[in-house]
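Please open the structure in your viewer and keep the selection tool at hand. We will walk through it one stop at a time.

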Amino acid sequence: MYHLSLHGSNTDSDIYIGSGIFSQTAKHIAEKFQPTRIHIVTDSNVAPLYLEQLRAEFPIGVTTTVIPAGEEYKTLDTVAGIYADLSEAELTRSDLVIALGGGVVGDITGFTAATYLRGIHVCQIPTTLLAQVDSSVGGKTGVDLPQGKNLVGAFYQPELVIIDTDILTSLPEHIFNDGMAEVIKYGCIANPDILNMIAQPDFKSNMQHIVYECVRIKRDVVQQDEHDTGLRMILNFGHTIGHGAEKVGHFTELTHGQAVAIGMVQAAKLGAKLGETDYTQQITEICQAHELPTQLPYPIEEVYAAMLHDKKRAGDSINMILIHPMGKANIHKIPLEQLHTLLTAE
Ligand SMILES: NC(=O)c1ccc[n+]([C@@H]2O[C@H](COP(=O)([O-])OP(=O)(O)OC[C@H]3O[C@@H](n4cnc5c(N)ncnc54)[C@H](O)[C@@H]3O)[C@@H](O)[C@H]2O)c1
Ligand SMILES: [Zn+2]
């Protein structure tokens, strides 16, 4: 088992990563808190798989909210429903909420915990690969609005994150592969060893080490830039063009991981056009090996137009994350006009 700590502004996060550690959740909780009540939030897919096992670990009364699975439920209405359940269960600020699920459950529950009674204890138990390597660590929480994704939220570090890589075995293959796009991202921006590890035919037997290396990178970046004003931007490698593509596909035609894979290949092409080493072929092959698409399915002009609304746009330029050498990310502020010329040039 691995342990990492993250010193956040609201609390210190203890992050445990290992195989089979789900069954030690109650022990880790008892080391940190003395809650008299625990409330678990999970979704309709994860509940039948893991909820009873988790609930049975605790000697005290546990209440639950099971939300319908899916991004479309990442809303303020869902948060309001959880507030009502917390209130009915009479949770106080010394009690604990547990998020058991993927990034959707994690983001909703984190936001609920950040705001209920102005902040109660929260433990994340991420059950998708994306949630394990990305969303459960770093304290970004929030929900979507009809106007757009993740428009309401808070920075709120979970006190405890329990990452059991055995839980990934129940994930459908395509959801696992989606998370692999983020794993590849970490390899490109900070540690090429990750790329070597996932190139092994039996890499799935090494997931606890792979996930640990990814979380360590995220921890280090968040530690230096918790509130996303500078360095944290490097975690967006593949995401600027990727978000543009996701948007053109109305967030339904491409999954997030697919869009990130395409975005990383496009960013590699852009780097080559700017005279950096060309990693297009290497990143393409890695993504393909994990059944991720690498070709932009839309005209680049449409994707560029969608990118103009990106949060990472800074006035007349966009900050693009480029890789050089492999394993090192660099922030390039590129004027929009130049970016347009580069993207549309063959
Ligand atoms: N807070 C952050 O820093 C951050 C970072 C990246 C993404 N996100 C957010 O994360 C969300 C995406 O998360 P996701 O990809 O985990 O999606 P998700 O939470 O929708 O999970 C994907 C699907 O897998 C199911 N599932 C989860 N765990 C399972 C398991 N172990 N076995 C079987 N099925 C399981 C879920 O029920 C769901 O149907 C988005 O809303 C995104 O905005 C947040
Ligand atoms: Zn992502």
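What follows is a tour of a predicted model, with something to select at each stop.

**Stop 1: the two domains**

Start by colouring the protein chain in two parts: residues 2–171 for domain 1 and residues 175–344 for domain 2.

**Stop 2: the interface**

How much area is buried between domain 1 and domain 2? The figure is about 2,500 Å², and carbon and sulfur atoms give 67% of it. Select Tyr2, Leu129 and Val133 on the domain 1 side: these residues lose the most area to domain 2, and together they make up 24% of what that side buries.

Next, look for polar links across the boundary. Between domain 1 and domain 2 there are two salt bridges. Show the side chains of Asp134 and Lys218, which meet in a salt bridge with an N to O distance of 2.7 Å. The interface also has nine residue pairs in polar contact.

**Stop 3: around ligand 1**

Centre the view on ligand 1 and display the 24 residues around it. Which of them come nearest? They are Asp43, Glu71, Thr127, Thr128 and Ser170.

- From Glu71, a polar side-chain atom lies 2.5 Å from an oxygen atom of ligand 1.
- From Thr127, an N or O atom of the side chain is 2.7 Å from a nitrogen atom of the ligand.
- From Lys140, pick the backbone instead: a polar atom there is 2.8 Å from a nitrogen atom of ligand 1.

**Stop 4**

The salt-bridge count comes to 14. For one of them, select Arg37 and Glu90, whose closest N and O atoms are 3.9 Å apart. Arg37 is in the loop between α1 (25–32) and β3 (38–43), while Glu90 is in the loop between α3 (76–88) and β5 (96–101), so this pair ties together parts that are 53 residues apart in sequence.

Stay on Glu90 and check its backbone. Its phi is positive, about 60 degrees, although the residue is not a glycine.

**Stop 5: a cis peptide bond**

Finally, move to the loop between β11 (317–323) and β12 (329–335), where Pro325 is found. Is the peptide bond from His324 to Pro325 cis or trans? It is cis, with omega near -10 degrees. The last two backbone features stand out because most residues other than glycine have a negative phi, and most peptide bonds are trans.

Terms used
Residues numbered from 1 in each chain as written. Chains lettered and ligands numbered in written order. Predicted model: local features only at pLDDT ≥ 70, side-chain atom pairs only at ≥ 80, totals over all residues. Heavy atoms only, no water. Domains from an automatic or database assignment. Buried area = accessible area lost by both parts, 1.4 Å probe. Salt bridge = Lys/Arg side-chain N within 4 Å of Asp/Glu carboxyl O. Polar contact = N/O pair within 3.5 Å; in protein donor to acceptor, adjacent residues only side chain to side chain. Near = heavy atom within 4 Å. Helix = DSSP H or I, 4+ residues; strand = E, 2+ residues; numbered from the N terminus.
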